Amino acid sequence: MSAYGCFADVYDTLTSNIDYKELAGYYDRIITSHGGKRGILLDLACGTGSMSMQLSALGYDVIGVDLSTEMLSVAKEKPHKNIEYLCQDMCELDMYGTIDVTVCVLDSINHLDSKEDILRCFSSVSLFCDPEGLFVFDINTVRKHREVLADNTFVYDMESVYCVWQNYLDSDSEDSRVDIALDIFTENEDGSYERSCEDFSEIALPLEEIEELLHKAGFRILDRYNYMTTEKGSEDSEKVLYCCAKETK
């Protein structure tokens, strides 16, 4: 089973607090303010397709990419006109042609395993980026990992789903790694509950290192925002959004 297997079944329930229409509108405003066009858009780590659907509704021709076949199965059950879903590694993309805009939302970059994998991802996006294309993504900061996620436990008590989310911060790691353990209890028709478990990690690098990786991959940084605002983002932010363009030679 690929990563986020059992998580896929409850993902939409556990993220029901996210306003994807608002999030897509925010991304769209950043894209258009930097001259991006509503052409072919690549949604990296698209998950169950909620963001892909909203971006498609705004007029983009969306390609959703995710490594989890379980997540993609859920996405394909939703209306997906003008959306094509592909099972691919975001570090080893294989597109048919160039992409006008690539987005990666909900700190999915943090889910990569290492600094080297982040560079591979950025380089893969750059390879297929149109010369006038954009790369827009959000990412958790070191501060969020060390002060917000840290060693905290979160409980989600929702209709038919109960989830205990436990974080374990590796304070000695150079990438502020947080190991995450999920205990998911889903209600059966007879009222009993079935338990499943999911484990994964997130890493966070200083913004200076993220920007070095972007430059190595062939991007120039157009702006860096405090997430969901147009204010300047910094290490004091919990999450930042980058808008990048392919470096012209």
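A salt bridge is a side-chain nitrogen of Lys or Arg within 4 Å of a carboxyl oxygen of Asp or Glu. This is a predicted model: local features need pLDDT of at least 70, side-chain atom pairs count only at pLDDT 80 or more, and totals for chains, interfaces and linings use all residues. Numbering starts from 1 along each chain as its sequence is written, and side-chain values use heavy atoms, without hydrogens and water.

**Exercise 1.** Find which side chains make polar contacts with E202.

*Solution.* 
- Check burial and charge. E202 is buried and has no salt bridge; buried means under 20% relative accessible area, exposed over 50% (1.4 Å probe, protein chains only).
- The nearest side chain of opposite charge, K144, lies 7.0 Å away.
- Look for polar contacts, meaning N or O pairs within 3.5 Å, with one atom able to donate a hydrogen and the other to accept it. The side chain of H111 is at 3.1 Å. That of N140 is at 3.5 Å.

**Exercise 2.** Work out where the buried residues of α7 fall around its axis.

*Solution.* 
- List the buried residues of α7 (207-216): L207, I210, E211, L213 and L214.
- Their directions from the axis to the C-beta atoms fall within an arc of 155°, so they line one face of the helix.
- Turn to the opposite face: E208 and K216 are exposed there.
- Find the packing partners, with contact as heavy atoms within 4.5 Å: α5 (115-128), β5 (129-140), β10 (219-226) and β11 (239-246).

Terms used
Lys, Arg positive; Asp, Glu negative; His and termini not counted. Helix = DSSP H or I, 4+ residues; strand = E, 2+ residues; numbered from the N terminus.
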